[in-house]
Amino acid sequence: MDSALQHIFDEWYEKKGKGFQRITNLGFFSQPFRIYPQGMNPLVMKIYKPVRSKELALQIVSHHASYVSCLQHAGVQIPDTFLHLVERHSRNFLVVVQSPFADDELVRYRMMTGERESCIALLKALLAQTIDFLQSGVQVGFHPTLRNFAWREGLWFFDTFPPMDMSQPDLNRIILHFAPVSLPLSRIPTSWVNHVSNEYYQPSLMLKGLVGSSCRLRPEWSEDFLSQSRLQITVSGLPDHVIEQTLDMLHQPPRLSGLWTGIRSLLGKEGKPNVPR
């Protein structure tokens with residue numbers, strides 16, 4: 001890690017994060033903040049829950065490099081992104097440093113503030129990106145949700161942690177390791193985490209998630225989002241069973257489960273409510 005970045009991490013560590021302004025409260029695993037290293041352009045820093053096992057931390061670093069490469073091979077644009085390992089008092093911190101985007105480049109912000117036609121165009125671009133990924137043949141997990149993208153002359157994906165170049169059960173274990181909560185997570189069956197991670201591996205749920213997020217952010221255009229999505233997915237060239245499964249979930253605005261909205265509320269995370277039926 002560059003000495004200027006090291007200095008910022010040391011300050012964050014000494015102050016226990018106090019005084020560092022978060023960019024968003026949407027992130028589950030970390031709270032990203034902008035940094036201004038001396039002699040460098042502004043960057044985004046994301047610091048994750050530390051782990052005792054250095055072996056695990058090094059494995060994650062290796063997986064992260066592989067995952068970024070896999071996504072790029074699948075045609076996903078990713079800003080300059082590096083995962084660093086920093087050790088403090090026998091604890092291993094994984095720290096992502098990334099080129100930033102302006103607030104008005106974030107897709108979720110654009111969806112919340114844009115006009116009808118621009119929002120429909122955004123959703124079409126997101127669906128096209130996800131369909132391209134699914135047709136690329138790259139076998140890794142992917143979480144194409146609005147809050148993970150920016151728009152700068154095209155879509156950019158910036159959520160690379162946890163790296164998903166692994167099986168779903170292995171990823172579930174990583175999710176439990178890095179969940180930023182003080183709970184007896186070792187007692188939670190990794191299969192339970194499928195309620196979260198299925199969306200990262202199942203094509204129909206990836207597509208449904210994009211439509212659902214758009215409908216929750218701009219419920220006044222839900223019918224437009226649904227009709228456009230059904231048309232685009234029908235002619236996508238995806239396998240017939242994926243198209244059928246997805247269309248079955250798009251007769252009305254997709255809803256988040258009560259379990260997920262409850263967890264979001266308990267953790268104090270931002271998020272729009274389900275569209276009323």
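**Close-up views of a predicted model**

View 1. Cys119 is buried, with a relative accessible area of 0%, in a structure that is a predicted model. Cys119 takes part in no disulfide, and the nearest cysteine sulfur, which belongs to Cys215, is 12 Å away. Cys215 likewise counts as buried, at 0% relative accessibility, and Cys215 is in no disulfide, the nearest cysteine sulfur being that of Cys119. Because a disulfide requires the two sulfur atoms to be within 2.5 Å, the count comes to 0 disulfides.

**View 2. The packing of helix α4 against helix α7.** Helix α4 (residues 116-135) and helix α7 (residues 203-217) pack with their axes 10 Å apart and at an angle of about 170°, which makes α4 roughly antiparallel to α7. From α4, the residues Leu123, Leu126, Leu127, Thr130, Ile131, Phe133 and Leu134 meet Pro203, Met206, Leu207, Leu210, Val211 and Ser214 of α7. The residues of this contact divide into 11 nonpolar and 2 polar, with no charged residue.

View 3. Thr130, found in helix α4, counts as buried at 0% relative accessibility.

View 4. Four strands form an open sheet with antiparallel pairing, in the order β1-β2-β4-β3. Strands β1 (33-35) and β3 (81-88) are the edge strands, each pairing on one side only, and the twist averages 35° from one strand to the next. Within the sheet, 4 bridges join strand β2 (residues 43-47) to strand β4 (residues 91-98), and the two run antiparallel; Ile47 stands opposite Val95 in β4. Helix α2 (residues 54-73) lies across β3 and β4, and runs at about 170° to β3.

**View 5. The buried residues of helix α5.** In helix α5 (residues 168-178), the buried residues are Gln168, Leu171, Asn172, Ile174, Ile175, Leu176 and Phe178. What covers these buried residues of α5 includes helix α2, strand β4 and helix α6 (194-201).

View 6. A cis peptide bond, with omega about 0°, joins Phe161 and Pro162, and Pro162 lies in the loop between β6 (155-157) and α5.

View 7. Leu26 is found in the loop between α1 (3-15) and β1, where Leu26 is buried, with a relative accessible area of 17%. Leu26 and Arg147 are 121 residues apart in sequence, yet their C-alpha atoms are 7.6 Å apart in space.

Definitions and conventions
Residues are numbered from 1 along each chain as its sequence is written. This is a predicted model: local features need pLDDT of at least 70, side-chain atom pairs count only at pLDDT 80 or more; totals for chains, interfaces and linings use all residues. Side-chain values use heavy atoms; hydrogens and water are left out. Two strands pair if DSSP finds at least two bridges between them. Axes are lines fitted to C-alpha atoms, for helices over the stretch in contact, and angles run from 0 to 180 degrees between N-to-C directions. Contact means heavy atoms within 4.5 Å. Buried means under 20% relative accessible area, exposed over 50%, partly exposed in between (1.4 Å probe, protein chains only). Angles under 35 degrees count as roughly parallel, over 145 as roughly antiparallel, 65 to 115 as roughly perpendicular and the rest as oblique. Ala, Val, Leu, Ile, Met, Phe, Trp, Tyr, Cys and Pro count as nonpolar, Asp, Glu, Lys and Arg as charged, and the others, Gly among them, as polar.
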